[in-house]
Amino acid sequence: MKNILITGGAGFIGSNYINHLLSTDDESFVVNLDKLTYAGNLENLKASESKKNYRFVLGDITNIELVNYLFDKYKIKYVINFAAESHVDRSILGSGIFYQTNVIGTNVLLEAARKFEVEKFLQVSTDEVYGSLGKEGLFTESTPLSPSSPYSSSKASADLMCIAFHRTFKLPVVITRCSNNYGPYQFPEKLIPLMIINALKNQSLPVYGDGLNVRDWIYVLDHNDAIRLIFERGKAGEIYNIGASNEMTNLQIVNLVLKRLNKSSELIKFVKDRPGHDKRYAIDSSKLRNELGWKPKYDFNQAIDHTIDWYIKNQNWWENIVSGSYKNYYSKQYNNR
Ligand code: NAD
Ligand code: DAU
């Protein structure tokens, strides 16, 4: 058995990762440590909760005693750290919790991993650590770090810490930096689910600035396939970019959602821009493709259709979210824009 601590496994990417892993692998024993913040949802893990090789633990990655107890109790030899505060706009409304979880939390995990001599520590990072591109060029693994938001600066700090733990303590750390994900179970604060849900409710679709910022979209299962491969075969001390070479402006995304749902473009509302808004992200993932043989499996048009269908069919899932504390966040974020 491979005993893996997966953190943040009740969130969007982590829950998709666990559900897929446990449906295809009996040799892994997964301990999912998640604080169940507003973004964590055990509904996402219905497919995994009764599996013999799965345990859920409610708790915080910044809790040193708990983290050490779990490493000891479950003889943890592998870590995949998904846990994070993940939304840029929330980091602008209040940054403290981002540095607590994303920086201090990663430090607690790294120290425990060192003490219990883990065989692999995979840090799930983001392309946002590189900052913004102009019209040309792609992020490579050697692009200098130049984060723009409290969120991305907290992720960049954690990356630097991971690299230092590898150099100083020979901890077998690998870092992945992926572009924007979409797919089932994504929290409705993020662009694609927000636009799908607002369109379904005939509410306005708030587009920041001129809508011409570019993101490089990847289906969540392609991201997770890459993580699984890097977890198994990635070299300690290395960084791997993950991306599907699918650049689109925000307006292209919004118009596509409206078209698929047969809604009028009059629903689009241009609102005040995000402060520090990165203009363009685009990933060069040739290192991962050439060295480990990864390539994306999902076609964007099919995967976005599937995602839109998922939100149509799983209205209960998102109704439970948008009718709760999300309402306060939404009015703080959008009311005066
Ligand atoms: P998410 O916000 O959907 O989920 C985060 C999860 O972490 C939640 O279940 C939450 O409860 C948990 N969590 C938060 N603070 C915690 C703490 N202190 N202790 C334990 N658990 C805690 O995020 P996501 O979109 O699934 O992102 C997962 C990871 O992938 C993050 O590290 C993020 O930076 C990274 N990432 C995301 C994207 C994207 O497009 N969403 C792209 C690249 C990288
Ligand atoms: O690139 C990877 C990153 O992608 C991850 O590290 C982050 O966790 C994830 O949240 C995402 O960050 P972005 O800021 O790119 O994603 P978001 O969905 O918030 O916004 C995507 C684009 O859409 C961005 O240019 C801002 C714009 N936007 C977003 C919202 C929520 C709008 O125009 N209107 C909106 O209401």
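Reply: Starting with the shell around ligand 1, α1 (12-24), β5 (120-126) and α5 (150-169) each supply at least two of its residues, where helices (H or I, at least four residues) and strands (E, at least two) are DSSP runs numbered from the N terminus. This is a predicted model, in which local features need pLDDT of at least 70 and side-chain atom pairs count only at pLDDT 80 or more, while totals for chains, interfaces and linings use all residues. Residues are numbered from 1 along each chain as its sequence is written, chains are lettered from A and ligands numbered from 1 in the order in which they are written, and side-chain values use heavy atoms, with hydrogens and water left out.

Within that shell, β5 gives the most, with three residues. There are 28 residues around ligand 1, and Ile13, Asp34, Ser86, Tyr151 and Lys155 come nearest; a residue is near a molecule if one of its heavy atoms lies within 4 Å of it. By class, the shell around ligand 1 divides into 12 nonpolar, 12 polar and four charged residues, where Ala, Val, Leu, Ile, Met, Phe, Trp, Tyr, Cys and Pro count as nonpolar, Asp, Glu, Lys and Arg as charged, and the others, Gly among them, as polar.

Turning to ligand 2, 26 residues surround it, and the closest are Asp127, Glu128, Tyr151, Arg274 and Tyr334. Here side chains supply polar atoms: one of aspartate 127 lies 2.5 Å from an oxygen atom of ligand 2, a side-chain N or O atom of tyrosine 151 lies 2.6 Å from an oxygen atom of ligand 2, and a polar side-chain atom of arginine 215 lies 2.8 Å from such an oxygen atom. The protein covers 94% of the 690 Å² of accessible area that ligand 2 has on its own. Two or more residues of this shell come from each of α3 (88-93), α6 (191-200) and β8 (205-208), and by class the shell around ligand 2 has 11 nonpolar, eight polar and seven charged residues. At least three of its residues come from each of domain 1 (2-181 + 216-242) and domain 2 (186-215 + 247-275 + 300-334), with bounds taken from an automatic or database domain assignment.

There is also empty space to consider. Rolling a probe the size of a water molecule over the atoms shows where such space is left. On a 1 Å grid over the protein atoms alone, a cavity is a set of points where a 1.4 Å probe fits but cannot get out, and a pocket is an open set with protein on both sides within 12 Å along at least five of seven lines, while lining residues have an atom within 4 Å of a point. Grid points are joined across faces, edges and corners, and a volume is the space filled by probe spheres set on the points.

The largest pocket has a volume of about 190 Å³, and its lining includes Tyr38, Arg90, Phe187 and Tyr329. Two or more lining residues come from each of α11 (315-322) and α12 (326-334). The lining of the largest pocket holds six nonpolar, five polar and one charged residue.

The second largest pocket, of about 160 Å³, has among its lining residues Asp89, Lys272, Arg274 and Arg337. The largest share of this lining, three residues, comes from α3, and by class it divides into three nonpolar, two polar and six charged residues. Because domain 1 and domain 2 both give residues to the lining, the second largest pocket lies between them.

Definitions and conventions
Polar contact = N/O pair within 3.5 Å; in protein donor to acceptor, adjacent residues only side chain to side chain. Areas by Shrake-Rupley, 256 points an atom, 1.4 Å probe, with all protein chains shown as cover.
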